[in-house]
Amino acid sequence: MGNRGHTQYRTTRRTSNFSITLYIFLLFVFSMFVFFYYTKDMAEDEQKPVLASEKKEEPEFQENEDNSVWEASKSHGLHPCIKPTAKYKAALGWNRYLTVKSNGGLNQMRTGIADMVAVAHVMNATLVIPQLDKRSFWQDSSTFSDIFDENHFIKALRGDLMIIKELPKEIESLPRARKHFTSWSGVGYYEEMTQLWKEHQVIHVAKSDSRLANNELPLDIQRLRCRALYNALRFSPPIERLGKKLVEQLRTRAKRYVALHLRYEKDMLSFTGCTYGLTDAEAEELRVMREKTNHWKIKVINSTEQRIGGFCPLTPKEVGLFLQALGYPPSTLIYIAAGEIYGGNTRLSELKSYFPNVVFKEMLATPELREFANHASQAAALDYLISVESDVFIPSHSGNMARAVEGHRRFLGHRKTITPDRKGLVEIFDQLEAGQLDGSSFSHLVRHLHKNRQGAPRKRAGAPPGVRGRARSRLEESFYQNPYPECICSSRTRVRK
């Protein structure tokens, strides 16, 4: 019994050893088969030509670019709405005429003309094509038809009021009531002014800027202002053609571009008294200019207080730091929408050290620009068109153009517009300069500060709390900077107030 059990145990053990050996042998054979099979395929692949369709495409952007810096805020279904209501009636004004002398630079005149269209409607008058400012700082001799499409202006507003190119011959010699209408006035004020028609057939308006209130006007009057500014006041055909061509040239240089309204011209720095980063000789030159400019009322200005209060334009260097902190790559194409930069290439190099891909309109189409020489308003019109069509618009200082472009971009669908918080940035810039911040912390603070300053839909802001009287109108957000809600409508989603 014992021997039989021992023999059976040895037999089972030999069988188990044989099975293990066979398993290892088969596994070895299979491994060799797999090895030779894939080695053969690899050799064939090395000899096959690579087809164009099989090549891996290069990334569109060579840098690690954050696409969010280009993305506009959601529009929440908002859209332009400028049609008059059912109660709206056109002005007749057959025998009453309003003549206008526009004042200021291009955008100050544009918004002023839009106001005068509304004023003429309220006063039931025929509007005569306005005269443009030829005596301001810009010394531009352009006429209305040089800058705007005069025939289109008349035709586009035909359903609102009568517009004529000049006074009838029999009316020219009649005495006129000359008026300086009160700034930021409401409809009631202009209804009172209609008493002037009892003694005059012609009222001459000496200044057109800021003659209407920003708020508390009838809906149809607000929409008429928008129809006048965004539809009727189209630029002249030569300006429109060249503007379109310049935008196309920018698009051939880069898929996207930033339009930078770099308010660093000599007159701007002199007027604001901002001398940070300038030499003593430059600061003195600006002081002398301010002293000699008669219509600038304030002569003595503390530059440090101006800067701390956020009243100074960003310097070219500060703009470079700002854009870098927001996440724009060094290759970003930047179009400079501005006049001659004070300090020339020396000052501009402070921006180019961060973003070398900087262009002016003169670099894009020099021959075509000859006809615009010595016509600052026509050149400004080109900057306006290029800024409105840009992927991102950034003004280094608030002003008539900055406000007008922002409002137009909001009207067209809330295109991305970044408005620097200059007062908040001064403190951050100074901390960086003092070595109290590293690059990462600086970028974080800048982005957080501008999280809600990128053109997202919101209702127009009123005056700061506690402000009363006429100062309230002066400190309200301009109607033309944000025509929401009167000219921008939504039937679905509520937006942030």
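Is Leu-212 buried or exposed? Hold that thought for a moment while I set things up.

What we have here is a predicted model, where local features need pLDDT of at least 70, side-chain atom pairs count only at pLDDT 80 or more, and totals for chains, interfaces and linings use all residues. Residues are numbered from 1 along each chain as its sequence is written, and side-chain values use heavy atoms, with hydrogens and water left out.

Okay, back to Leu-212. Leu-212 counts as buried because its relative accessibility is 4%; buried means under 20% relative accessible area, exposed over 50%, and partly exposed in between, with a 1.4 Å probe and protein chains only. You'll find Leu-212 in the loop between strand E6 (202–205) and H7. Helices here are DSSP runs of H or I with at least four residues, strands are runs of E with at least two, and both are numbered from the N terminus. Setting aside neighbours within four places in sequence, Leu-212 is in contact with residues including Val-119, Trp-184, Tyr-190 and Arg-225, contact being heavy atoms within 4.5 Å. Tyr-189 sits 23 residues away from Leu-212 along the chain, with 9.7 Å between the C-alpha atoms.

Now let's zoom out. The protein chain has 18 helices and 11 strands, and 47% of its 497 residues are buried. Take the contacts between residues at least 6 apart in sequence: 79% of them join residues at least 24 apart.

Next, the cores. A nonpolar core is a set of buried Ala, Val, Leu, Ile, Met, Phe, Trp, Tyr and Cys residues joined through side-chain atoms within 4.5 Å. The largest one has 81 residues, and Phe-153, Leu-157, Phe-181 and Phe-235 have the most contacts inside it. Helix H2 (residues 106–122) supplies the largest share of this core, nine residues. There's also a second, separate core of 38 residues, with Tyr-264 and Ile-394 among them. As for Phe-181, its contacts beyond four places in sequence include Val-119, Tyr-190 and Arg-211.

On to the sheet. Five strands make an open, parallel sheet in the order E4-E3-E2-E6-E5, where two strands pair if DSSP finds at least two bridges between them. At the edges are E4 (163–164) and E5 (177–179), each pairing on one side only. Two bridges join E3 (residues 126–128) to E4, and Leu-127 has Ile-163 as its bridge partner in E4.

On a 1 Å grid over the protein atoms alone, a cavity is a set of points where a 1.4 Å probe fits but cannot get out, while a pocket is an open set with protein on both sides within 12 Å along at least five of seven lines; lining residues have an atom within 4 Å of a point. Grid points are joined across faces, edges and corners, and a volume is the space filled by probe spheres set on the points.

The second largest pocket comes to about 340 Å³. It has 17 lining residues, and those closest to its centre are Arg-234, Phe-235, Glu-240, Leu-385 and His-408. H8 gives the most to that lining, four residues.

And how many cavities of 30 Å³ or more are there? The count is one. The largest cavity holds about 120 Å³, and its 14 lining residues include Arg-307, Cys-312 and Glu-318. Helix H16 (residues 422–433) gives the most to that lining, with three residues.
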